[in-house]
Amino acid sequence: MLTLPAKKLGAQEIQERLAAYRSGDLPWRDGKVWAYVYPAPDDVTAIQKWAFTEFLTENALDPTAFPSLLRMENEVVGMCAAHLGGDEHVVGNLTTGGTESCMMAVKTARDWARKEKKIAEPEIVLPVTAHAAFFKAAHYFDVKAVIVDVDPVTFRASPEAIRAAMNENTALLVVSAPSYAHGVIDPIAEVAALAQAAGILCHVDGCIGGFLLPYFRRLGRTVPAFDFTVPGVTSMSMDLHKYAYCPKGASVVLYKNKELRKHQIFACSSWTGYTIVNPTFQSTKSGGPIAAAWATLHAFGDEGYLEAARQTLEATDGVLAGIRATPGLRVMGDPEMSLVCFTSDEMSPFIVADEMIARGYYVQPQLAGSSSKENIHLSITAGSLPHVAGFVKALGEAVTAARGKVHPEIIGQMTEMAKGLNGNLEASMGPMMAAFGIEGSHMPDRMGDVNALLNGLPSKTKETILTAFVNDMFQPPKREA
Ligand SMILES: Cc1ncc(COP(=O)(O)O)c(C=O)c1O
């Protein structure tokens, strides 16, 4: 077993060791990683780091103990509410990320429905394109999620399908601005009107787009009303650690008023310890992300964000033009922000993704789902702009290399085998993974075949495999390497 080092390590050795650990990480600093990271410019990063480390140890557990944190959180929430068309009644909280914000909205809706509507078992209606965070919320909070298909061409939620899925237990309708997978904005006004007519709640998930969309509108893009100005919208989520370029651990969840937000808060005086009253998941909560978010919003200012949005828009237009000009590729839906999703009917997108990765560009493969074919996803940021020409060139080469290549026949056979294994799937996982060169956290250079295998499986089987895989992956090392 790995144990604590017997002797203290010096700072230099710690730094060297951790630097060595990084050797397998995605090299995001060169601007070629088109997922996961939203890097701020160097000058902003410097002040973020200062603020983060300066407030690292302060604890937001008790808002009266460190009023600076409460003040920063309220100011950040206020700026976000104004950004999203909120009036003076809008309230909210900083959370650790989009998932927590979305989950809080579901928990709030559940408790609101139980208390105010006397619904014993509240349900939520989700377009299948809603972020997995809502599925997770349904799972964690034991709320029934009624999933509805989206339009197969536009990938937008269908108000008719949502209406048909509503019943007397429905507490919340969820829409996205935009959805992560296809980057399109749901018909928010129509869905919010359905919620309003039924006297229930409507959450707009602006985790990825809430911050950027108002800037795109100011830059001349057509952006439909998606925020608190839309009648019937009762809560929103918006991540700061995406297009506000804050360090990770920063998102806001906002509510139309305090009457609704009160259902989010958890207070406990039944135990024997200190008084607990937590507005969000965390109890002990570092001041680092709060201070860094505050610092970032001020370091950019409105003018800085407008310029970053301009660069993002230019980069997105360049990438979209490049994809559309590449024979064999097809953009899915009509991306309304800076998230682009494309596929091919002539070759495997997973092989194209591998070919891009081999050329130094990390792109994100997305498996097929209800109404959506397997594809490649790009999150384009301001930092992508200098890399657009290189990206488009590499994409052309990747497509040429991928054309005519197919996944080995064994993939199809393994898919069939995995489908037939049902309950015995977990026992057969080891040999299956070994066949792909997967061992613990060691992954093959090319993931295309693994993705192709997963892609052919029913979603429950996929979930079983992924769970077993991650269950193995998080495993303490036997001894120090
Ligand atoms: C629309 C949307 N909602 C929620 C989330 C979840 O955010 P996080 O990964 O910060 O938990 C994301 C993440 O990309 C998203 O795009």
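This is a predicted model: local features need pLDDT of at least 70, side-chain atom pairs count only at pLDDT 80 or more; totals for chains, interfaces and linings use all residues.
If you now show S12 together with strand S13 (residues 375–379), you will find the two paired in the antiparallel sense over three bridges, and Gln364 stands opposite His377 in S13.

Now move to the other sheet, an open one of seven strands, which you can follow in the order S1-S7-S6-S5-S4-S2-S3 and in which the pairing is mixed. At its edges stand strand S1 (91–95) and strand S3 (144–148), each with a single partner strand, so one side of each is left without a neighbour in the sheet. As you step across the sheet, the twist from one strand to the next averages 20°. Within the sheet, select strand S5 (residues 201–205) and strand S6 (residues 235–239), which pair in the parallel sense over three bridges; the bridge partner of Val204 in S6 is Met236.

Helix H3 (residues 67–83) lies across S1, S6 and strand S7 (251–255), and runs at about 115° to S1, while helix H5 (residues 132–141) lies across strand S2 (123–127), S3 and strand S4 (170–176), and runs at about 150° to S3.

For the next stop, show the ligand and the 13 residues around it, of which Gly97, Gly98, Thr99, Tyr180 and Cys207 come nearest. Helix H4 (residues 98–116) gives the most to this shell, with three residues. Sorted by class, the shell has five nonpolar, six polar and two charged residues.

Finish with helix H11 (residues 349–358) and helix H12 (residues 388–402), whose axes come within 8 Å and cross at roughly 130°, which makes H11 oblique to H12. The crossing of H11 and H12 is right-handed. To see the contact, select Ile351, Val352, Glu355 and Met356 of H11, and then Ala394, Leu395, Ala398, Val399, Ala401 and Ala402 of H12; by class, the contact has nine nonpolar, no polar and one charged residues.

Note on methods:
Residues are numbered from 1 along each chain as its sequence is written. A residue is near a molecule or strand if its C-beta atom, placed from the backbone, lies within 6 Å of it. Helices (H or I, at least four residues) and strands (E, at least two) are DSSP runs, numbered from the N terminus. Ala, Val, Leu, Ile, Met, Phe, Trp, Tyr, Cys and Pro count as nonpolar, Asp, Glu, Lys and Arg as charged, and the others, Gly among them, as polar. Axes are lines fitted to C-alpha atoms, for helices over the stretch in contact, and angles run from 0 to 180 degrees between N-to-C directions. Angles under 35 degrees count as roughly parallel, over 145 as roughly antiparallel, 65 to 115 as roughly perpendicular and the rest as oblique. A crossing is left-handed if the near helix is turned anticlockwise from the far one by less than a right angle, and right-handed if clockwise. Two residues are in contact if their C-beta atoms, placed from the backbone, lie within 7 Å. Two strands pair if DSSP finds at least two bridges between them.
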